[in-house]
Amino acid sequence: MTTRRAFFGSLPVLAAGSLMAQERRAARPKIKITDLRCAIIGRNPTVRIVTDQGISGYGQAEGTKGYLKPMVLFYKDYILGEDPTDVERVMLKIRRMGAFKPWGAAVSAIEIALWDIAGQAAGVPVYKLLGGKIRDRVRIYNGGFRPPMKGQRPEDYAETVQRMKEAKEGFTLIKMAVAFHNRAMMTAIPDMWYDEPRGGASHPNKGVLTERGLKYIISCVEAMKKVLGDEVGLALDAGPGFMMKDAVAFSRACEPMNLAWIEDMLTGDYTPYPNAELYRDLKMMTSVPIHTGEQIYLRQNCKDLIEKQAVDVLGPDPEDVGGIAELKWIAEYADLHGIAIAPHGIFDGLIGLAAHVHMAAAMPQNFIAFEYPYGQPEWWYDIVDGLPDPIVKKGFVDVWDNPGLGVTFKVAAAKARLREEDRGFFD
Ligand SMILES: [Mg+2]
């Protein structure tokens with residue numbers, strides 16, 4: 001009897017506790033997405049998610065994708081009315097309707113904008129929501145500062161990396177475009193490979209290298225390495241376009257130079273598949289770290305490369321892979337398999353830079369560096385607040401603590417830069 005009385009006696013206490021919890025929940029009204037907008041600001045498609053609580057989140061896509069606006073707006077009806085702070089629930093609605101570069105960019109920009117809102121709503125920087133930071137400053141690598149070259153001789157390559165070495169950012173790691181990733185290099189001397197040179201965008205050339213072509217590419221790399229020594233790391237973006245035997249010969253010739261990595265020799269930028277079997281063969285035949293992945297959309301499409309340990313370094317771009325949490329997930333899984341991470345980012349813009357910084361702060365210890373994006377045009381630096389000054393110190397960016405991505409628009413200045421058709425973007 002006593003036991004029973006005590007049992008029933010405890011009920012009102014439980015009910016009161018539960019009522020208090022309900023009241024607390026009721027005091028925090030649910031936040032809802034009321035609009036999804038996209039403007040091409042300068043060169044970067046910029047996404048704004050508007051909510052009913054006065055908080056807006058921003059995301060961005062590569063400056064090479066000026067055509068992206070209708071693709072972003074395609075997702076509007078899928079996310080209206082959703083709670084943007086339940087990032088994953090919103091992503092489940094749209095993630096399956098993206099694809100390899102360039103078609104995952106809209107989904108990725110939306111994901112980044114959702115995290116920006118989630119951080120602001122919680123009053124914490126985005127890195128806290130990604131598990132917290134494990135480093136206070138994040139390493140960048142240079143891909144975007146490209147001083148004009150006088151010519152295509154090895155000494156011209158030496159001179160250009162000398163200028164990068166002296167740059168105010170104090171880069172500790174520099175990536176250079178060579179071979180099939182560099183049309184000027186591949187057409188500098190005749191007959192570098194056996195197929196006809198092809199024109200058009202996004203790496204149309206591929207084929208078997210001639211001896212002359214292979215020797216010339218190697219001589220340019222040697223000239224650059226001589227300048228950088230062991231003070232500044234050298235990575236090469238080399239394809240896609242290599243055939244396997246040339247990729248092996250080129251990598252082996254580079255072995256004495258201790259490169260940071262060679263990127264995308266077999267498949268890569270704008271190749272709508274990664275070829276894990278071929279990459280695995282290449283990786284096993286050279287000691288040079290083999291890198292790929294900037295065009296990949298979603299963790300599922302990194303699965304083969306990671307589980308087969310087909311590469312040494314993965315380099316997805318948060319603005320193409322499906323966002324920053326997507327890339328964090330890939331980095332963690334890569335780490336379990338002994339694979340390093342060096343995210344692509346050259347065209348990601350200043351909102352993209354913020355996304356990279358938060359993501360890199362929370363990356364596991366297999367993180368090397370991310371590719372540093374510049375604001376283009378220059379006036380981008382005048383329309384945002386929140387970036388450190390200078391942004392890069394001795395090759396690193398200090399991680400900032402403002403809520404969300406921590407980079408906001410100076411609305412009046414930014415409005416003045418909007419195109420006619422985007423005039424209502426900030427309203
Ligand atoms: Mg690349």
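Predicted model: local features only at pLDDT ≥ 70, side-chain atom pairs only at ≥ 80, totals over all residues.
View 1. Residues are numbered from 1 along each chain as its sequence is written.

**View 2. Where the domains touch.** Here 30 residues of domain 1 are in contact with 25 residues of domain 2 (contact: C-beta atoms, placed from the backbone, within 7 Å). On the domain 1 side, β2 (44-51), β3 (56-60) and α6 (105-122) each give two or more residues; α6 has the largest share, with 11 residues. Helices (H or I, at least four residues) and strands (E, at least two) are DSSP runs, numbered from the N terminus.

**View 3. An open sheet of six strands.** Follow the order β5-β6-β7-β8-β9-β10, with parallel pairing (two strands pair if DSSP finds at least two bridges between them). β5 (173-177) and β10 (340-341) are the edges: each has a single partner strand, so one side of each lacks a neighbour in the sheet. Five parallel bridges join β5 to β6 (residues 233-237), and Met176 has Leu236 of β6 as its bridge partner.

**View 4. Helix α10 meets helix α11.** The axes of α10 and α11 (residues 244-254) come within 11 Å and cross at roughly 30 degrees (axes are lines fitted to C-alpha atoms, for helices over the stretch in contact, with angles from 0 to 180 degrees between N-to-C directions). Look for Leu214 and Ile217 of α10 and Phe250 of α11, which are among the residues making this contact.

Definitions and conventions: Contact = placed C-beta atoms within 7 Å.
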